[in-house]
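Subject: Structure handover

Hello,

Here is the structure for you to look through. My notes on what was found in it follow below.

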Amino acid sequence: MQAAINPIADRISLISVSSTMKVSAEADRLRSEGVDVVDFGAGEPDFPTPDNIKQAAIRALEGNFTKYTAAGGTLELKKAICERHTQDFGTAYKPNECMITVGGKHVIFNLTQALVNPGDEVIIPVPYWVTYADVVNYAGGKCVFVPTDEAAGFTLTAAMLEPHLTARTRMVIINSPSNPSGAVVDRAEFEKIFKLTSERGIYLMTDECYCHFLYDSERFSIASLPGAKDTVLVAGSLSKTYAMTGWRIGFGLVPAPIVQAMTKLQSHSTSNPTSIAQKAATEALRGPQDSVAQMLAEYRKRRDFVLPRLRSIPGVTAQEPKGAFYAYPNVSAAFKNGVTDSMSFGWLRVDRRFSHERIPV
Ligand SMILES: Cc1ncc(COP(=O)(O)O)c(C=O)c1O
């Protein structure tokens with residue numbers, strides 16, 4: 001028997017292991033050694049999934065809704081998604097412009113694979129959620145990173161974006177509120193960005209994963225602007241909104257031909273998202289919405305608790321998150337004595353077994 005010559009296909013080297021997964025794996029390892037660890041790796045609500053949603057899943061099981069569904073999701077759930085988006089944001093999507101995926105990450109993957117050709121440029125504002133760069137690289141695209149300004153709360157403006165648009169720009173990705181910074185793109189600025197992209201026929205992907213978790217501003221979707229449906233791509237997820245991370249339901253609201261392209265891809269990979277989870281998701285969208293406001297109120301309390309404490313650490317600065325449930329402290333004052341960046345800062349703490357010595361700032 002001879003080992004395979006090239007055991008792993010070349011394209012896998014285009015992507016790296018998710019750094020959030022690495023953090024969680026390390027936390028698990030330390031825990032198994034008896035270390036008391038608070039894991040800030042994966043962004044996950046600690047609330048249970050609301051009971052009405054769980055009951056819908058139980059009913060689905062008892063009613064034997066346990067078979068294949070259409071690869072792109074049930075018509076019932078597509079309708080529920082379109083209706084909720086209309087109710088929340090004033091958009092007018094139809095079920096043939098909707099696609100159900102195995103979580104929000106999956107719609108971002110599908111969209112990128114369906115739309116980005118090798119060499120196409122995709123603009124990603126920094127700081128960004130790690131997956132964007134990997135899915136663009138996997139499609140053979142070129143990531144164009146646009147820095148934002150810490151003092152301005154890490155929010156993207158049209159003026160920051162414009163110099164980076166070229167004839168090769170295929171897509172701009174905006175995640176507002178943002179993981180990891182909690183930055184929110186102001187409505188007027190988002191409209192200017194949409195003008196820049198739509199005039200050039202560039203896709204504007206809006207990752208609305210945290211769209212219900214806003215502290216100071218009104219809910220808004222750029223997809224509600226007249227004419228937006230041609231080039232705006234909504235990537236949505238039920239994971240955070242309804243504390244349903246494990247259920248794996250995400251969705252896209254995009255032009256019908258893109259739904260068809262993504263469905264083709266999905267039909268040869270995952271097929272349909274879990275039938276039971278689709279029933280639960282339909283209830284999440286159509287049932288009472290009180291849990292969302294309750295979670296937001298709790299996140300606000302936590303933000304108000306953690307922010308002054310982070311800022312009280314000598315040398316640490318932290319912008320106030322305007323949405324989502326993250327805090328994004330700047331620890332660069334500690335970049336000395338072998339600590340070169342935030343990753344080595346984090347691992348330094350791990351290496352010292354989270355002992356309570358002062359942060360070396
Ligand atoms: C910015 C952002 N988009 C999308 C997702 C995808 O979430 P999921 O695949 O769990 O629906 C996440 C998850 O952390 C995220 O932070």
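A residue is called buried under 20% relative accessible area, exposed over 50%, and partly exposed in between (1.4 Å probe, protein chains only). This is a predicted model, in which local features need pLDDT of at least 70, side-chain atom pairs count only at pLDDT 80 or more, and totals for chains, interfaces and linings use all residues. Residues are numbered from 1 along each chain as its sequence is written, and side-chain values use heavy atoms, with hydrogens and water left out.

Aromatic pairs

A pair of aromatic rings is described by the distance of the centres and the angle of the planes. Rings of Phe, Tyr and Trp (its six-membered ring) pair if their centres lie within 6.5 Å; planes under 30 degrees apart are stacked, over 60 edge-to-face, and the rest tilted. The whole structure holds twelve aromatic pairs. One of them joins phenylalanine 154 and tyrosine 328 edge-to-face, at 5.3 Å centre to centre and 75 degrees between the planes. Phenylalanine 154 is in the loop between strand E3 (142–147) and helix H6 (158–161), and tyrosine 328 is in the loop between strand E8 (317–318) and strand E9 (329–330), so the pair ties together parts 174 residues apart in sequence. Helices (H or I, at least four residues) and strands (E, at least two) are DSSP runs, numbered from the N terminus. Phenylalanine 154 is buried at 15% relative accessible area, while tyrosine 328 is partly exposed at 30%.

Phenylalanine 213 and tyrosine 299 are also edge-to-face, because their ring centres are 5.2 Å apart and their planes stand at 85 degrees. This pair links phenylalanine 213, in the loop between strand E5 (203–207) and strand E6 (232–237), to tyrosine 299 in helix H10 (residues 290–311), 86 residues apart. Phenylalanine 213 counts as buried at 0% relative accessibility, and tyrosine 299 counts as buried at 5%. Both belong to a cluster in which ring pairs link Phe47, Tyr210, Phe213, Tyr299, Phe325 and Tyr326.

Charges over rings

A charge sits over a ring if NZ of Lys or CZ of Arg is within 6 Å of the ring centre and within 35 degrees of the ring normal. Arginine 303 has its charged end over the ring of tyrosine 215, 4.3 Å from the centre. For arginine 309, the ring is that of phenylalanine 305, with its centre 3.7 Å away.

Regards
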